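I am opening a notebook on a structure that is new to me, and I want to set down what I look up in it, entry by entry.

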4 protein chains.
Amino acid sequence: VTHPARGLAAAEEPRLDLERAVFFSDAVFAIAITLLIIEVRLPTLPSSATDADVRRALAQVMPQILAFALSFVTIGVYWVAHWRRFRYIVRADVRLVSLNLVLLGLVAFIPFPTAMIGQHGDLPTVTIVYAVTLAAAGIAGPLVWLYAWQAGLVVPGVTARFAWFTALRGVAFPTVMLASIALLTIEGPYPVESWWVLILPLQFLINRALRTPEPEPHEA
Amino acid sequence: VTHPARGLAAAEEPRLDLERAVFFSDAVFAIAITLLIIEVRLPTLPSSATDADVRRALAQVMPQILAFALSFVTIGVYWVAHWRRFRYIVRADVRLVSLNLVLLGLVAFIPFPTAMIGQHGDLPTVTIVYAVTLAAAGIAGPLVWLYAWQAGLVVPGVTARFAWFTALRGVAFPTVMLASIALLTIEGPYPVESWWVLILPLQFLINRALRTPEPEPHEA
Amino acid sequence: VTHPARGLAAAEEPRLDLERAVFFSDAVFAIAITLLIIEVRLPTLPSSATDADVRRALAQVMPQILAFALSFVTIGVYWVAHWRRFRYIVRADVRLVSLNLVLLGLVAFIPFPTAMIGQHGDLPTVTIVYAVTLAAAGIAGPLVWLYAWQAGLVVPGVTARFAWFTALRGVAFPTVMLASIALLTIEGPYPVESWWVLILPLQFLINRALRTPEPEPHEA
Amino acid sequence: VTHPARGLAAAEEPRLDLERAVFFSDAVFAIAITLLIIEVRLPTLPSSATDADVRRALAQVMPQILAFALSFVTIGVYWVAHWRRFRYIVRADVRLVSLNLVLLGLVAFIPFPTAMIGQHGDLPTVTIVYAVTLAAAGIAGPLVWLYAWQAGLVVPGVTARFAWFTALRGVAFPTVMLASIALLTIEGPYPVESWWVLILPLQFLINRALRTPEPEPHEA
């Protein structure tokens, strides 16, 4: 008995199926990225608060705003990676959808450690929970892609080399995040967190280094 | 007077209508599954909190994180079932959309008992409310499908046997959930909740047992 | 200078434009309908709470659950009406999109009076704010449709009679809501709110009475 | 090595890619615009509250409702502008998607200053934060468009004149917002905020003044 998603003869149908899975992913990414802001909240001030009170309160929530920005960039980069990879995926099976759900669960979890680090970014445990969550989501993405590739759900032109390069492209975030945890015993949380700004230039260097001929997406 | 969704001759149009209903469902599933996280919240700690305080607070919210994970998996599995079934549905009528709305209402309600069980999972009433809500959503899904089948909104190749098999495939969650309520009088809430991990292997066995030739989705 | 959305010769393009507006509407409807649940919240109980405490707390939030259900049904019905009407709309212009935004603003506002009526449903002012908001959203929907019809954005087969019938189909909710406000001076809020269950049978009767030959959606 | 999104020969594929980016944008806009309402909250009243209490509480949240309305209109207008501009964009590259993410981050941030101005609209700092956020999002939109145009991601018929006109069309909001900050030293926050109602008529005048022959969207 062949799985219907595999046995399909019609050209258009698998795309529709895939589209729904892609759409659901986009929605979860979009909601998680937008929900981050509801954890950024000014402490309740009396209605008689002065401008100086509000400026002080704003200074207090500044770490939360930075945490919002960092998580926004991270989820955004993960979404762009998802978008790049799914251009080469042409079919979905239940296993791909399930693996993708694990990725989405990790992405949906990100607002929780983001709220934590916005309020207690000076504590090692908080730094670890944040770094591990973001690293886990950053590792799940390439795994979904590698499964799709080895299960033959991608366009014919995808070589092993291209598949692995595409997977490795996403490792900048998890690598820096996990490495920073190792540093935590030597330095305090704040120096470690400031390390994280290295992610973007590292990602940029990886992108340069991994430049390789790419197959045509969706058509081969 | 024929209903326009039924009397249509053009091939493309009913798909568009159906797509909008499917899209709306995906959005509600995605929002409900992502909103779960905003109920997971660290108790407010003073800004002078130590690392030990945060670890204690994390241990305290662990039941809420488990509740998040369980509800995420449940809504995820229900969404995958929705995705599988709607591959065989080719038309929508107002009744299908209304029945589907009942399903969505139950799904949208899930964050409420999830928040409850995360905080008071040791109380029988909370266990019952959680189990009944998830079971109700798990029963509504197959009912939507059976309606679509008997109303002739599916691809021609769907046999009665396949329709019932597809419906029964989704009963693992509601069955275990409802059976666990019966056990509640014998055992306490925590043993009953640990029972729920049986859902995934049971679902796996059902999937194996119900393997049957399937019609081509969307094309017959 | 003709507006590009009107001057288009290509058959496929206006659909895409329209789809994005429809999609945005679906997303706002879906978010508003799913956000309703975050206002349903058990009062904070000590971790030593007994089962009796939780049952009492559940009884206390029952009006909030009913308010969730009523608003869910209302937004759901409004969405189905939107879905029915937009099947006959084939083009979008900036004015249609702007009018539609007013409708979406009213729908997005619904969680606020829903939270109010869930907590203070015994007070006339709360009943009025809830009824007026839902009525306003219920009137905006038909107005968007009537604009689309008179601006020639619908399929050719739509007659004046059908346009008005389709508009009137949606008046059950606003009519009952506004009429109930008038009753508020005679009876208290609770009898008036129980009146609202009349909406669904009234809608059913209207649907029966307004049955009329319908043009083919999207194709004429 | 050419970027796959540029080297594509197949006509359909780039559209799909673009659609996913557009879809993600729509979702973030829709979530941000709908989340605004959860910051509008009646102060907690005792269950014995009278109708007069509720009316007083409603009067108290009126500034929050106005802030909801203003931000809703702003995000709505920004979304319409996004919709207008992306009708002329036919391809997406990673840079366009990244720039668009910056725009989305600013839009997703809007609920935070909206909550602030709803509670402390009488303080200059709050007025400035609100005005700067909305102006930044209002400037990012045209920048995304100008990038798309100069990178050749738009339909062939788009002239430099049309590209600049389309960009300038969106400056009414940021201009009034930033100009109002300059006025803040002369007048207090409330007069400045009442200034903001000038945005809509100004936008209307700009629309009139910038009327110019437009290329066919998606087809040239």
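Which residue forms a salt bridge with A:Arg56, and how many Å apart are the closest N and O atoms? I found that the partner is A:Asp53, with the closest N and O atoms 2.7 Å apart; a salt bridge here is a side-chain nitrogen of Lys or Arg within 4 Å of a carboxyl oxygen of Asp or Glu.

Before going on, I note that this is a predicted model, in which local features need pLDDT of at least 70, side-chain atom pairs count only at pLDDT 80 or more, and totals for chains, interfaces and linings use all residues. Residues are numbered from 1 along each chain as its sequence is written, chains are lettered from A and ligands numbered from 1 in the order in which they are written, and side-chain values use heavy atoms, leaving out hydrogens and water.

**Entry: the salt bridges**

Helices (H or I, at least four residues) and strands (E, at least two) are DSSP runs, numbered from the N terminus. A:Arg56 is exposed at a relative accessible area of 53%, whereas A:Asp53 is partly exposed at 24%; buried means under 20% relative accessible area, exposed over 50%, and partly exposed in between (1.4 Å probe, protein chains only).

I then turned to chain B, where B:Arg56 forms a salt bridge with B:Asp53, the closest N and O atoms being 2.7 Å apart. Both residues belong to helix α3 (residues 51-86) of chain B, and B:Arg56 counts as exposed at 53% relative accessibility, while B:Asp53 counts as partly exposed at 24%.

Over all chains, the structure holds twelve salt bridges.

**Entry: a charged patch**

Which residues form a negative surface patch? I found A:Glu19, B:Glu19, C:Glu19 and D:Glu19. Patches are made of residues with over 30% relative accessible area and no salt bridge, like charges being joined within 9 Å and nonpolar side chains (Val, Leu, Ile, Met, Phe, Trp, Tyr) within 5 Å. I followed up C:Glu19, which is in helix α2 (residues 13-35) of chain C and is partly exposed at a relative accessible area of 35%.

**Entry: buried places**

Is A:Thr34 buried or exposed? It counts as buried, at 0% relative accessibility, and A:Thr34 lies in helix α2 (residues 13-35) of chain A. Leaving aside neighbours within four places in sequence, I found A:Thr34 in contact (heavy atoms within 4.5 Å) with D:Val28, D:Ile31, D:Ala32, D:Leu35 and D:Ala108.

I also looked at helix α5 (residues 111-120) of chain C, where nine of the ten residues are buried, so the helix is largely enclosed by the rest of the structure. The buried residues include C:Phe112, C:Met116 and C:His120.

**Entry: chain A as a whole**

Finally, I noted that chain A has ten helices and zero strands, and that buried residues make up 59% of its 220 residues. Among contacts in chain A between residues at least 6 apart in sequence, 78% join residues at least 24 apart.

How values were computed:
Accessible areas come from the Shrake-Rupley method with a 1.4 Å probe; for residues, only the protein chains shown count as cover. Lys and Arg count as positive and Asp and Glu as negative; His and the chain ends are not counted. The place of a charge is taken as NZ of Lys, CZ of Arg, CG of Asp or CD of Glu.
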